[in-house]
Amino acid sequence: MERIRNLREDSDLTQIEIANILGCSQTTYSRYETGDLNIPIDSLMKLAIFFNTSIDYLTGLTDEKSPYKRSTRVNL
């Protein structure tokens, strides 16, 4: 999950700030960044929306950072 760390650092945010957005502890978020813990889909969705990208980009399935057109049904 190197990309979430890079996005966070590029935005000058701390792990605590992102953990607060996700509603988890800093320790849990740190484990997401290191890959020691899988990120729940709802947290991936929040990260994709927050960083204006796609889950595919966050997980390394694509190198295209631009997000897809989002559904209006998504309510986080």
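**How the helices pack**

Author: To begin with one contact in this predicted model, Gln15, Ile16, Ile18, Ala19 and Leu22 in α2 meet Gln26, Tyr29, Ser30, Tyr32 and Glu33 in α3.

Reader: Are α2 and α3 roughly parallel or roughly perpendicular to each other?

Author: The axes of α2 and α3 come within 8 Å and cross at roughly 100°. Angles from 65 to 115 degrees count as roughly perpendicular. The two helices, α2 and α3, are therefore roughly perpendicular to each other.

Reader: How are α1 and α3 oriented to each other?

Author: Helix α1 covers residues 2-10 and helix α3 covers residues 26-34, and their axes come within 7 Å and cross at roughly 120°. The contact is made by Ile4, Arg5 and Arg8 of α1 together with Tyr29, Tyr32 and Glu33 of α3, and its residues divide into three nonpolar, no polar and three charged. As for orientation, α1 and α3 are therefore oblique to each other.

Reader: What is the handedness of the crossing of α2 and α4?

Author: Helix α2, residues 15-22, and helix α4, residues 41-50, pack at an angle of about 115°, with their axes 10 Å apart. From α2 the contact draws on Ile18, Ile21 and Leu22, and from α4 on Ser43, Lys46, Leu47 and Phe50, which by class gives five nonpolar, one polar and one charged residues. The crossing of α2 and α4 is right-handed.

**Single residues**

Reader: Is Gln15 buried or exposed?

Author: Gln15 has its place in helix α2, and, leaving aside its neighbours within four places in sequence, Gln15 is in contact with Arg8, Gln26, Tyr29, Ser30 and Glu33. A residue counts as buried under 20% relative accessible area. Because its relative accessible area is 18%, Gln15 is buried.

Reader: Which residues does Ser43 touch, not counting residues up to four places away in sequence?

Author: Ser43 lies in helix α4, and at 5% relative accessibility Ser43 counts as buried. Leu22, for its part, touches Tyr29, Tyr32, Ser43, Lys46 and Leu47, with residues up to four places away in sequence again not counted. On that basis, the residues that Ser43 touches are Leu22 and Tyr32.

Reader: How far apart are the C-alpha atoms of Met45 and Asn20?

Author: Met45 is also placed in helix α4, and with a relative accessible area of 26% Met45 is partly exposed. Although Met45 and Asn20 are 25 residues apart along the chain, their C-alpha atoms are separated by 15 Å.

How values were computed
Residues numbered from 1 in each chain as written. Predicted model: local features only at pLDDT ≥ 70, side-chain atom pairs only at ≥ 80, totals over all residues. Heavy atoms only, no water. Axes fitted to C-alpha atoms, helices over the stretch in contact; angles between N-to-C directions. Helix = DSSP H or I, 4+ residues; strand = E, 2+ residues; numbered from the N terminus. Left-handed = near helix turned anticlockwise from the far one by under 90°. Contact = heavy atoms within 4.5 Å. Nonpolar A, V, L, I, M, F, W, Y, C, P; charged D, E, K, R; others polar. Buried < 20%, exposed > 50% of the residue type's maximum accessible area, 1.4 Å probe, protein only. Parallel < 35°, antiparallel > 145°, perpendicular 65-115°, else oblique.
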